[in-house]
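Work through the exercises below with the structure in view. Try each task before reading its solution.

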Amino acid sequence: MAQIAAKAGISQPTVSLVLNGNTDARISESTRRRVIEVARELGYRKAVVHFGSDQLRVALILDGSIITHDHFVQALNEAAVRANELDLSLCILDALQDKAGRRRVQDEVNSGHYAGAIIATNVTCGIDFSYELRCPCVYLNCVPENDIEVTAVLPDDYATLHRLAGELLEKYRRPCIIAGDAWMSATTKRIRAIARAAFEQGIEIGNDSVYYTSWSFKLAYEAVRKVMTRPEPERPDILFCASDYLAAAAYQAVYVCGLKIPGDVAVCGYDNQSLSEELTPTLTTVDLPYDEMGAMAVDLIYRKITKPDEQPKQNLIRVKGEIFRRESA
């Protein structure tokens, strides 16, 4: 819908109303026609979910909260679309990320009403709770800490960013990393990818060039404002931000300092969220392939259910993202 809205030059809520058949009189007929034309041009297909007694039911256990700017929602959306295509009934169960919630969900899945389960987290991590399920299961964006002999779909937080950082550091020589939480696997892998690319270019990234922000817009803004007030020889010429959300904070801080992107400092994001194309200048970023991962998890659980003797060749499947080179770097 964001893509349709951008191409049609109208708001996303208007696109949503039109595609869902809302007859709001405030939306003109010409606007409706424009939305439908652009939707067809972009290959949009509306997924109509239907439930029948003969459908296989799959539980998607969400082990953690989804926040407002969370890119992981793409995985849930695409999983629902793919389940519908395979005639699966996908039921989202929220485990609330505590022991009581997890046991409640575990009991529900073990009730005999589910043919399989997908265990998902919005943050790439190890789960410290062992789900003891009586049906086949696949892990999405996570693995249990005490058992890696599972089928899991994970993002590759290293390879694509390493390639992009290597390209950018041929030109930019004073990198600074605006990172997320220090404890997160995704954070450490992304820092390692940038540091390795820097090392290969003869650049050393010290501790004073890495700032942990806990994914906070305000903390990212304050970190960038701090480093961009350094004397010019010590000031970064490129900011690697752990997400597009943090990159937006970096934009604000750079402009408050009276500097320009990319003239004074380049900025690179991560996630390829819709705002990356809305920023001025548009944001260079790495796509985190959550949509592909969500569909893949459904395909894997479907195979486990329908062809139990044909197990995947790989247990841990890492999906690489795509580079989007735009104006900010």
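**Exercise 1: An aromatic pair**

Task: Decide whether F72 is buried or exposed. Then classify its ring pair with Y290.

Solution: The model is predicted. Start with F72. Its relative accessibility is 0%. Buried means under 20%, so F72 counts as buried. Y290 has 5% relative accessibility and therefore counts as buried.

Now turn to the rings. A search of the whole structure finds 4 aromatic pairs. In the pair F72 and Y290, the ring centres are 5.1 Å apart and the planes stand at 85°. Planes over 60 degrees apart count as edge-to-face, so this pair is edge-to-face.

F72 sits in the loop between β1 (56–62) and α4 (73–85), and Y290 in helix α10 (residues 290–306). The pair therefore ties together parts 218 residues apart in sequence.

**Exercise 2: A second pair**

Task: Classify the ring pair of F129 and Y131.

Solution: The centres are 5.0 Å apart and the planes are at 80°, so the pair is edge-to-face. F129, at 11% relative accessibility, counts as buried. Y131, at 7%, counts as buried.

**Exercise 3: Two helices**

Task: Describe how α2 packs with α3.

Solution: Take the geometry. Helix α2 (residues 12–19) and helix α3 (residues 29–41) pack at about 85°, with axes 10 Å apart. That makes α2 roughly perpendicular to α3.

Next, list the contacts. T14, V15, V18 and L19 in α2 meet T31, R32, V35, I36 and A39 in α3. By class, this contact has 6 nonpolar, 2 polar and 1 charged residues.

Conventions. Residues numbered from 1 in each chain as written. Predicted model: local features only at pLDDT ≥ 70, side-chain atom pairs only at ≥ 80, totals over all residues. Heavy atoms only, no water. Axes fitted to C-alpha atoms, helices over the stretch in contact; angles between N-to-C directions. Helix = DSSP H or I, 4+ residues; strand = E, 2+ residues; numbered from the N terminus. Parallel < 35°, antiparallel > 145°, perpendicular 65-115°, else oblique. Contact = heavy atoms within 4.5 Å. Nonpolar A, V, L, I, M, F, W, Y, C, P; charged D, E, K, R; others polar. Phe/Tyr/Trp six-rings, centres within 6.5 Å; stacked < 30°, edge-to-face > 60°. Buried < 20%, exposed > 50% of the residue type's maximum accessible area, 1.4 Å probe, protein only.
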